[in-house]
Amino acid sequence: MMIEDFIKKKKPENFDKEFFKLDNKIYNMINDEIEDNDTCFFDNDTCSDDKKPIGSHLFQQNGVLSRIAINNYVLMFRRNFAEPYKTRFKVQNIESASKFNGFCHRHDNTVFLPIEKENADIRSKESVFLLTLRSFADEYLKQIWNLKKLKVEIEKIDSPEMREYFKYSSHTKETLQVENKECISELILLLDLYQEIKIKLLESYEENNYKIINSVEFFSSKKGIVFSTVMTIPFSRNEELLLCINILPVSQGSRIIFSFFDSDKEKLESIEPTNELLKGVLHPNLNRIIMISKENLYYNMDTFMNEHIHCINALIYENPINFDLSVPKYFDNTN
């Protein structure tokens, strides 16, 4: 059965195409104003001369994406500019999939060599540390982009596109300004925390202190998925804990790695949802995380085609009217 046939099983009826087109127009207008990251994540004297980042891979082509690829192509998920109710899923060559402007040429080609070389020891402390470092760099830069986006949106609030937007939206100029300013304040606080984490990780790298990162890992027989995300877990009013998740393909299924600062292990275990994850109880929390953070999700085409329709719908459909309340099971039990 073709993917399109899956989609036809669930087609929302209540959406406004004109509003969606306007929303996309605004998105593109804002996106065009945002400058790409122009500095290596390390940003120090060991960088290449201009510190300019190259297209780094969140997942290496050979040994990770190549394991799930069909003829060097994987399936990925992005914002859809053509159809209002769907996320765009597209087949992407592994050479360009998962790229982000994270590291200069020197750091991209030296720092992650231990996890990219043939027969790498992917279970070593160094490997888990480097996986965590790279995943965090990707998330850190995404949040910087989000902050830029909110600021540009405020700058463009009197544009013709935004004036048209307010005719359709429940937002007014004033309410959107208030909401964006609140979001900006929250993001600044988050980026302050991320800056502390960045310094901690980079200092640990320079000192070869890979033991600062602890991890637990599980095996699942589920094949054909690559995934990564970083999140902060609220622990107290003034403290949030880092949790990094990587799902990597192995010969018989998937290796699921939860990594975190060793000093936070007991705290994470005291929080019920993360405690369950660290014990290998993947449903519903890991599956909910995958559904939310699907921009870092890559599929083998056959795996995607054979997923339960509920799992496919949860990845594709964005319209809240069409969104199922129950969490799909991408992963069930660990072995």
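Visitor: How do the axes of H6 and H8 cross, and at what angle?
Guide: In this predicted model, the axis of helix H6 (residues 125-155) comes within 9 Å of the axis of helix H8 (residues 173-206), and the two cross at roughly 155 degrees. Angles over 145 degrees count as roughly antiparallel, so H6 is roughly antiparallel to H8.

Visitor: Left-handed or right-handed crossing?
Guide: The crossing of H6 and H8 is left-handed.

Visitor: What kinds of residues make up the contact of H6 with H8?
Guide: The contact of H6 with H8 has 21 nonpolar residues, along with five polar and five charged ones.

Visitor: Let me pick Gln143. Where is it found?
Guide: Gln143 is in helix H6.

Visitor: Buried or exposed?
Guide: Gln143 has a relative accessible area of 14%. The cut-off for buried is under 20%, so Gln143 counts as buried.

Visitor: What does Gln143 touch, leaving out residues up to four places away in sequence?
Guide: Gln143 touches Leu187, Leu190, Leu191 and Tyr194 on that count.

Visitor: Changing topic: where does Arg255 lie?
Guide: Arg255 lies in strand E8, which covers residues 253-261. The relative accessible area of Arg255 is 2%, so this residue is buried.

Visitor: Which side chain is joined to Arg255 by a polar contact?
Guide: The side chain of Glu217, with a polar contact of 2.9 Å.

Visitor: What else does Arg255 touch?
Guide: Not counting residues up to four places away in sequence, Arg255 touches Ile122, Arg123, Val128, Glu217, Phe218, Asn246, Ile247, Leu248 and Val250.

Visitor: Staying with Glu217, how far is its C-alpha from that of Lys279?
Guide: The C-alpha atoms of Lys279 and Glu217 are separated by 9.2 Å, and the residues are 62 apart along the chain.

Visitor: Where is the place of Lys279, and is that residue buried or exposed?
Guide: Lys279 is in the loop between helix H10 (272-278) and helix H11 (285-292). Its relative accessibility is 60%, so Lys279 counts as exposed.

Visitor: How many residues of H11 are buried?
Guide: Six of the eight residues of H11 are buried, and the helix is mostly covered. The buried residues are Asn285, Leu286, Asn287, Ile289, Ile290 and Met291.

Visitor: What covers the buried residues of H11?
Guide: The cover includes strand E6 (225-236), strand E7 (239-250), E8, H10, strand E9 (297-299) and H13.

Visitor: Then why is H13 largely enclosed by the rest of the structure?
Guide: Because seven of the eight residues of H13 (residues 309-316) are buried. These are His310, Cys311, Ile312, Asn313, Ala314, Leu315 and Ile316.

Visitor: Whole protein now. How many helices and strands?
Guide: The protein has 13 helices and nine strands.

Visitor: What share of the residues is buried?
Guide: Buried residues make up 50% of the 335 residues in the protein.

Visitor: And what share of the contacts is between residues 24 or more positions apart?
Guide: Among contacts in the protein with a separation of 6 or more, 73% are between residues 24 or more positions apart.

Notes
Residues are numbered from 1 along each chain as its sequence is written. This is a predicted model: local features need pLDDT of at least 70, side-chain atom pairs count only at pLDDT 80 or more; totals for chains, interfaces and linings use all residues. Side-chain values use heavy atoms; hydrogens and water are left out. Axes are lines fitted to C-alpha atoms, for helices over the stretch in contact, and angles run from 0 to 180 degrees between N-to-C directions. Helices (H or I, at least four residues) and strands (E, at least two) are DSSP runs, numbered from the N terminus. Angles under 35 degrees count as roughly parallel, over 145 as roughly antiparallel, 65 to 115 as roughly perpendicular and the rest as oblique. A crossing is left-handed if the near helix is turned anticlockwise from the far one by less than a right angle, and right-handed if clockwise. Ala, Val, Leu, Ile, Met, Phe, Trp, Tyr, Cys and Pro count as nonpolar, Asp, Glu, Lys and Arg as charged, and the others, Gly among them, as polar. Buried means under 20% relative accessible area, exposed over 50%, partly exposed in between (1.4 Å probe, protein chains only). Contact means heavy atoms within 4.5 Å. A polar contact is a pair of N or O atoms within 3.5 Å; within protein, one must be able to donate a hydrogen and the other to accept it, and residues adjacent in sequence count only if both atoms are side-chain atoms.
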